[in-house]
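Okay, thanks everyone. Let me put the model up and walk you through a few parts of it.

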Amino acid sequence: MTWAAPLIEAIAYISLGLGSLGVMIGALGLLRLGDIYQRMHGSGIVDTGGAGLILFGLLLLSPDWTVSVRLLLIGFILGITGPTATHAIARAARVSGVEGQMKSKQGGDT
Amino acid sequence: MSAWMDPILGQWNYYLVIALMMIGFYAVIARGNMVKKIVGLNIFQTSVFMLYISMGKVANGTAPILTGEPSTVYSNPLPHVLILTAIVVGVSTTAVGYALIIRIQESFGSIEDDDIIAMLDDEEAPAS
Amino acid sequence: MSAETLIYMLLGLPLLASALVLLFRHQPNLRDGQAVGLGVVSAWAAFQLYLLPTGASVTLVALAPGLTLSFTPEPLGKLFALVAGTLWPLATLYTIGYMRGAKEKNHTRFMFFYAIAIHATMGIALSGNLLTLFVFYEMLTFSTYPLVTHKGDEAALKAGRVYLGILVSSSIVFLLFGVIGVWALAGTLDFVSGGILAGKIDPFYVPALLALFAFGIGKAALMPLHRWLPAAMVAPTPVSALLHAVAVVKAGVFTVLKVSVYIFGIDFLQQTGGSDWLVWAASFSILAASIVAMTKTNLKARLAYSTVSQLGYIVMGAALATPLAASGAALHIAAHGAGKITLFFCAGAIYVAHHLTDIKDMNGLGRTMPITYGAFALAALSIMGVPPLAGAWSKFMLMGGALDNGYLVVLGVLMVSSLLNLVYLGEIILRGFFASPSHKWDGVQEAPLAMLIPLSITALLSLLLFFTVDFLMIDFGG
Amino acid sequence: MQDDVVIRVVAKVMIPAVMLFALYVQFHGDYGPGGGFQAGVIFASAFVLNAVVFGLNKGRHVWPAHYNLMGICGGVLIYGFTGVAGMAFGENFLSFNVLADDPIAGQHLGILLVEFGVGLTVAAVMVMLFFTFAGRLSHNRLLSKSDAHERRLAPKSSPSKEVTK
Amino acid sequence: MFGLWLLLSGHYTGLLISLGFISALGVSMIAHRMGVLDEEGLPMGVLLRLPKVAIWLTWEILKSNWAVVKVIFNPALADPHMTRVSASQKTTAGLVTYANFITLTPGTVSVDVDEADHSILVHGLTAEFAESLADPEMDARVSALEGPAS
Amino acid sequence: MMQHLPILQVLLPLLAAPFAALLRGRELAWGLTFLTTGAAFLISIALFLEQRALGTTLVYELGNWAAPIGIVYVIDAASALVLPVISGIGFIATLAARQLVAAEIDRRDHGLFYAAWLLTIAGMLGQVTTGDAFNIFVFLEISSLSAYALVAMGSGRDRRALPAAFNYLILGTVGATFYVIGIGLLYMLTGTLNLADLAERLPQVEETRAAFTAMAFIALGLFLKMALFPLHFWLVPAYAHAPSAVTALMASTATKVSVYVLIRLIFGVFGIEFPGLVDGVGLLVLTLGIAGAFVGTLAAIVETDLKKLFAQSSIAQLGYMAIGIGAMSATGLAAAFLHLFNHALMKGALFLAIGMIAAQAGRATMGTLQGAGKQIPITMTAILFGGLALIGVPLTAGFISKVYLIRALLEQDFWLLAGLTFVSSALALAYVWKIIEAAWLRPRPEGAPELSETPSQYMPAWIMVIATLGFGIYATPLVDAAFAAAHVFIPATVGAP
Amino acid sequence: MSGFLVNASLIALLALIAILALRLHRLFAVVMLSGAFSLVAAAQFVVLDAVDVAFTEAAVGAGISTVLALATLSLVPAEEKPHSISLVPAFLATLTGLLLAVAVTDLPNFGDPKAPIHNHVAPEYIIGSEQAIGVPNIVTSVLASYRSFDTFGETLVVFTAAIAVLLIIGGYTRAPRRAKGKRKGSQDAG
Amino acid sequence: MSCLAAALLALGVGFILAITRATLGPTPFDRVLAVNTVGTLAVLAISVYGFFDGRPAFLDIALLYALINFIGTIAILKYFRFGTLGDHALPNSDEDGA
């Protein structure tokens with residue numbers, strides 16, 4: 001199993017790197033996209049892809065199980081609160097009448 | 001991390017903290033909106049906290065929680081304790097400040113320094 | 001009776017009197033009677049004390065280390081106590097007559113503060129150190145304020161403000177400064193024969209320090225700090241009498257004299273020449289006040305400026321810094337006291353009997369009020385320095401002192417001032433006796449007896465003092 | 001905000017978790033970062049969340065004002081009397097060594113108690129602060145029935161849509 | 001809850017464990033007073049079955065991440081759509097989970113959840129994202145999470 | 001029990017505060033406060049006597065941790081002198097508060113009010129007793145925060161109390177933060193927070209600019225707190241619009257404590273030998289002090305609202321204390337301590353008396369006072385004596401402190417300054433006399449509210465007046481104590497005269 | 001080196017946030033940014049090894065302070081009156097800053113283990129925490145035992161703040177016009 | 001190690017971008033979203049730094065951040081939607097508990 005340690009480490013670093021990239025891109029999206037609803041998706045990347053990958057990478061690096069537990073908890077809580085917050089923002093924006101730029105409106109009431 | 005020893009870089013942290021401090025201080029003493037004053041006060045105080053925490057840092061040190069290894073270098077815990085207290089004091093002051101702001105708004109209908117001073121002057125003028 | 005007991009008596013009797021005044025505020029006769037009675041007792045006590053040798057000392061309390069309230073009568077103090085003690089019962093008697101005659105209100109309050117003012121004067125007279133003196137000096141100021149503003153109208157209040165403003169601020173700004181300065185320099189405040197400052201201070205600063213005292217003692221009414229004195233003339237006449245003859249101004253010049261003799265020391269002043277400037281300031285004060293007096297037609301105002309001028313004599317006596325001049329000054333305290341109180345008594349009597357205040361209206365009044373005018377003439381002559389009246393001795397000794405020191409000009413000043421005295425006081429007498437009456441007076445119409453008796457006594461005192469001058473002479477040594 | 005089902009459900013999950021986390025922070029201050037003050041704030045934030053999502057009145061119902069004042073004062077008193085206990089054992093104020101047979105155990109006990117005092121006070125104070133500040137608003141609203149607000153606060157939901165069960 | 005405490009703690013002394021037990025009890029009591037301890041608030045069933053779905057979900061997330069990244073680098077691609085999706089879950093908790101899953105996958109955000117008629121209003125970054133929800137896979141998986149019991 | 005007195009001094013009011021808060025609107029809240037402050041007063045006197053008897057410094061180690069590691073309480077001649085002032089004023093103000101607070105504060109708030117009241121007092125006592133630089137800050141904030149609230153309580157009658165309290169809060173916090181910065185720098189240089197230890201270790205680094213800056217920041221912060229001109233502008237509105245009882249308490253104690261802390265840090269830590277202290281800070285403080293004395297006095301002369309008037313006069317009096325400090329000598333410090341003590345007495349008397357009038361008439365202005373001398377002679381006599389003491393008339397306590405102040409100046413050959421000091425105290429006559437004149441020499445205007453007085457109303461003020469006169473007539477023990485306090489900081493070279 | 005960079009860039013970030021917060025006139029944005037400021041500051045504290053402080057700052061600055069500020073904002077105007085930069089305060093602030101900057105040149109270098117602060121009292125805490133108290137978290141042992149009186153004071157400060165807030169906005173003493181209103185008291189004492 | 005540093009750097013860039021958005025607005029919701037993102041970034045940054053520093057035990061702080069961030073966001077939204085943190089619906093009964 002001696003080969004496993006470097007491998008895990010490598011995976012961890014790759015995951016970290018990807019996560020960092022994701023975070024940056026997400027933040028960029030937050031900045032670049034057109035309206036509030038679109039920006040949410042940018043922040044979604046930070047919350048999910050970026051955060052998930054980074055935490056996963058750290059999880060692989062963690063020295064003992066107490067740390068792992070905490071990382072998992074953080075991930076879990078981010079996983080619950082992130083979307084909830086995003087949803088709440090979206091809903092609040094919509095209730096307050098912030099209009100997004102919609103090219104077409106599909107679906108309607110199903 | 002030999003850069004700690006570099007005299008210019010070594011002080012750089014303090015200079016930044018001082019700059020931050022002055023931004024907050026300016027916000028407090030420049031006349032204006034009371035909420036902003038409180039926010040400025042918070043910034044001012046936080047930067048003072050940072051000054052304390054900076055001085056407690058030891059190069060290559062780590063947080064002052066014993067690891068069991070005798071070779072570990074710990075940062076100085078005392079500033080941390082002091083600042084914990086100071087943060088509490090800060091938030092207490094902030095709360096009282098906000099409470100006062102609310103009452104001022106209710107009584108005067110404004111939380112701008114200038115408006116209130118003008119109002120008080122009007123009040124005093126016929127009295128005297 | 002020991003000297004200590006007498007000191008306590010002199011200080012305590014006026015306080016007792018004031019307490020009794022409050023106690024008997026609903027029985028006017030008892031209230032006034034006890035005041036006169038206690039006054040007589042204190043006059044007796046002052047006389048007894050004067051006869052005793054010096055050396056007794058009483059310490060009341062130590063305010064702080066080195067700062068005590070203590071009383072050490074020395075000849076000068078005893079003389080002043082004697083003057084005050086003797087004139088107090090007379091003034092009180094007169095007051096009773098005046099207050100009842102002029103139907104003034106707030107009689108009790110008046111009597112109360114009158115007694116307190118006497119207490120303060122006694123304190124000043126007997127004080128054993130500068131601090132004690134200062135304490136009673138301030139007490140005198142504050143206790144006479146209600147007397148000055150007794151009428152309570154706008155004019156009285158304004159005058160009161162001037163009175164208090166000048167006296168208190170000068171005393172706090174300059175006098176207290178001087179006192180503490182002396183304390184800081186010499187480490188003590190006790191009055192010591194020969195002074196305590198010799199060798200403790202750079203002679204260069206002596207004039208400045210002396211100035212702190214000369215101007216700090218606003219009660220000495222040295223020009224230009226004399227404004228309070230005419231202002232205080234709004235007060236009822238007994239107050240004017242008290243202020244000008246007994247208590248306030250005399251306390252002022254007494255303090256000046258005492259400071260120059262026992263703090264600076266005559267010799268020390270003489271050597272350093274620190275008081276030269278004061279001679280000139282006093283000369284100016286004498287002449288200028290006399291000239292102002294001539295322009296006044298209000299009787300009390302004229303008398304007030306006359307006082308300012310006379311006080312200049314005493315200050316000059318202190319400033320000349322020779323034993324002879326100092327003795328003259330001390331004597332003048334007594335002589336002028338007796339004279340000026342008579343003059344004011346007379347003015348009050350005129351007011352009560354005829355409600356006149358202006359000199360121009362008093363033509364021919366002398367024939368209607370012969371006793372009053374007689375007393376007035378006697379006192380006026382004394383103040384002019386005509387023998388055989390008390391003023392002659394003091395003026396003579398001052399001149400002698402000036403000669404000792406070589407101040408020939410001062411001699412001239414004194415002469416001229418006597419001349420001016422003659423003019424402005426003589427005018428009143430002449431008008432009273434010789435001018436054709438401006439009103440038609442019906443026969444003799446004197447003031448009440450309670451006023452007449454004191455003024456006669458004080459007028460006679462002026463005469464008496466001339467012959468008992470040996471008894472009152474104080475030798476300040478060589 | 002209870003009209004929003006997502007927030008409502010998530011809050012219900014979070015509130016106990018936050019409270020537990022607060023207590024964990026409270027009692028593990030010896031070993032890791034944290035202590036009474038932090039725990040108090042976190043604990044209070046659970047109440048804040050509760051009140052924000054389910055409304056102030058419901059929040060008040062959970063922890064009435066009177067208990068709260070007792071909490072505020074109680075925490076201070078716990079701290080103070082822990083210190084006084086040291087005096088009772090003949091040592092100086094706030095001396096913990098004598099609280100147990102073994103000085104180290106005494107210190108542990110003392111620290112635990114005072115941290116608990118701090119936590120209690122801080123939690124109660126923070127809850128109180130929130131309720132006072134936020135309550136001021138509704139109180140004010142009642143005083144001045146300004147219509148601008150009324151319109152804004154007419155939500156699609158009705159109070160009857162409250163969580164039941 | 002006590003388990004959570006044990007997980008966090010990492011220090012097992014008698015005192016701390018008992019304190020943990022007391023804490024867990026206390027929290028339960030307060031939570032009960034708050035009225036948050038009901039089926040809706042504590043969907044234990046959902047939590048237990050979560051791990052199974054998680055892996056699938058992770059993959060979905062990664063996929064959509066990539067798609068959004070492309071849009072970010074070329075904002076012109078953005079073509080926002082608002083659609084309404086019906087949900088098949090029976091419990092509120094399930095509905096919420098579904099809504100959160102929708103939000104969790106970048107590209108789609110649930111904007112409004114209608115409890116009454118079990119539908120979710122979704123904002124999609126592009127038409128494609130919006131369409132993807134027509135595929136009932138996620139809906140089905142979330143419904144499965146609820147378990148047969150409820 | 002005796003060895004615990006230093007901590008009990010502070011602990012009693014601290015622990016009584018929660019109980020008072022729990023009592024809410026009950027009468028008991030006042031009773032508890034009264035007993036507590038009374039006990040604190042007795043303790044402080046016991047401490048004073050004990051310290052004077054032993055002549056040494058009493059050290060109380062909190063938690064049994066020795067000095068540089070733990071926090072210690074230090075009772076030396078200086079703190080032993082200041083403690084009775086604060087607790088005594090606190091006690092008597094509490095006595096008066098019963099009626100004042102009943103008149104001005106809603107009954108249901110009394111428990112909270114007295115809790116804040118106790119906390120203010122305890123905070124001030126803590127600042128005086130503690131021997132730890134940071135602990136001073138903590139207690140400073142306890143007393144300040146409660147003081148902000150107490151000042152704001154004036155809003156029940158006067159809405160201007162609110163902005164006043166807010167400005168007080170902002171400036172107070174800025175002052176405290178400056179203090180913290182200064183302490184931080186000191187800590188960086190020396191590695192300790194214990195005042196005695198700081199004093200010991202500071203000479204090694206006293207040549208550094210950082211040490212000087214630390215002193216500058218500490219001094220600036222405390223100047224703000226003690227309302228030294230020109231940093232005084234928060235004080236007047238805060239005192240003027242606060243409830244009367246609060247004004248009485250704070251005017252006589254709050255700024256004094258800051259003065260004490262300033263002395264303790266400047267002289268006790270940096271020491272008289274500290275470079276730049278005598279020539280730099282000393283002259284600055286002297287100048288500001290004399291300027292403050294003039295500005296405060298002049299402002300008081302034109303003021304018609306009595307609370308504002310005496311608040312302005314407080315600024316002037318603080319100027320005198322600053323002069324004492326600025327003289328940088330043992331006598332100067334003794335004078336500052338004396339004035340600190342005496343001014344607390346006279347301002348306490350004045351504000352308690354005025355508070356009684358304000359509580360009846362709603363507001364105490366010159367108009368309210370017109371002719372009041374006849375209606376409430378005893379209260380007005382108290383004001384008279386308080387005013388005379390402010391001027392520095394002999395036989396009042398004010399005279400003693402002024403005498404030593406001048407002596408200190410003359411010892412250093414500051415003749416001009418001494419003269420200016422005299423001029424400013426003579427100016428004080430103007431405003432005091434304005435009051436006396438209005439009260440006694442003018443008739444009561446038609447329709448003015450009826451004023452009345454009962455022994456319970458004027459008793460507290462008169463206790464202070466009697467103390468003022470007592471310490472004016474027999475001040476020897478006080479002067480000795482003040483010199484002993486001064487010699488804690490500046491060793492005796494020239495003893496008391 | 002990189003630790004240093006992290007540190008410096010975080011402070012720069014803080015300064016950026018601070019300036020932005022002060023320049024904005026929408027108070028809501030100001031409050032949001034001050035919340036963000038606290039979060040970043042807390043991150044900075046972690047970098048500087050002050051984990052406990054970071055914990056507190058995060059809970060207080062981002063949590064309670066923000067909530068209180070929001071509660072306040074809902075009662076007061078949300079827009080600030082525009083102000084130009086006032087020169088006197090700016091001058092004062094700069095002056096103070098310069099004074100401090102001058103002082104800093106004399107201070108021990110950042111992180112210097114030889115600084116007196118690390119060699120005088122602190123080592124005794126580090127040793128004592130293990131031996132005399134037996135608590136691994138030195139901050140806790142200093143906080144709750146060595147300097148527990150400070151912490152007592154801190155608790156009292158919080159207590160005081162509670163009393164103060166209750167008196168000011170939870171109490172019954174009202175401005176006159178308000179007292180005339182129908183409802184005198186409010187029930188939200190706590 | 002350097003990988004962790006790089007991750008920190010990336011997070012730093014993220015901070016700046018997010019704060020820019022928070023400043024620009026334009027709607028309050030943009031700001032909320034941005035600050036929420038800042039919070040998430042901070043959670044990550046602290047986690048990564050814990051490893052970077054070799055003391056990963058401090059993830060408690062990150063955990064706290066996540067919780068606080070959520071609560072803060074909800075509170076802010078509540079404020080926005082109802083202008084208050086208190087009861088947005090009027091209480092039905094007059095409960096003057098005093």
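This is a predicted model: local features need pLDDT of at least 70, side-chain atom pairs count only at pLDDT 80 or more; totals for chains, interfaces and linings use all residues.

Before I quote scores: pLDDT is the predictor's confidence in each residue, on a scale from 0 to 100. Among the elements of chain A, the highest mean belongs to helix H1, residues 4–32, at 83, and the lowest to helix H2, residues 36–61, at 81. The stretch to watch is residues 103–110 of chain A, where pLDDT stays under 50. The model does give that stretch 16 contacts beyond four places in sequence, but keep the score in mind when you look at them.

Chain C, then. Its average pLDDT is 84, and 99% of the residues score at least 70. Which elements sit at the two ends of the range, lowest and highest mean pLDDT, in chain C? Helix H9 of chain C, residues 237–246, has the lowest mean, 77, and helix H12 of chain C, residues 276–295, has the highest, 89.

Now, who touches whom? Chain A and chain C share no contact; their closest C-alpha atoms are 72 Å apart. Chain A doesn't touch chain F either, and there the nearest C-alpha atoms are 34 Å apart.

Staying with chain F: it has 20 helices and two strands. Its radius of gyration is 21 Å, close to the 23 Å from the globule rule for 497 residues, so chain F is as compact as a globular protein of that length. The C-alpha trace spans about 70 × 55 × 40 Å along the principal axes of chain F. Of the 497 residues in chain F, 73% are buried. Take the chain F contacts with a separation of 6 or more: 81% of them are between residues 24 or more positions apart. As for the surface, chain F exposes about 12,500 Å², and 67% of that comes from carbon and sulfur atoms.

Last stop, helix H1 of chain D, residues 5–27. It's 23 residues, and the first and last C-alpha atoms are 34 Å apart, close to the expected 33 Å. Where does H1(D) bend? At Met14(D), by about 25 degrees, with a proline, Pro16(D), following within four residues. H1(D) is also mostly covered, with 21 of its 23 residues buried.

That's my tour; questions welcome.

Methods
Residues are numbered from 1 along each chain as its sequence is written. Chains are lettered from A and ligands numbered from 1 in the order in which they are written. Side-chain values use heavy atoms; hydrogens and water are left out. The expected span of a helix is 1.5 Å times one less than its number of residues. The bend at a residue is the angle between axes fitted to the seven residues ending there and the seven starting there. Buried means under 20% relative accessible area, exposed over 50%, partly exposed in between (1.4 Å probe, protein chains only). The radius of gyration is taken over C-alpha atoms; the globule rule is 2.2 Å times the number of residues to the power 0.38. Contact means heavy atoms within 4.5 Å. Accessible areas come from the Shrake-Rupley method with a 1.4 Å probe; for residues, only the protein chains shown count as cover.
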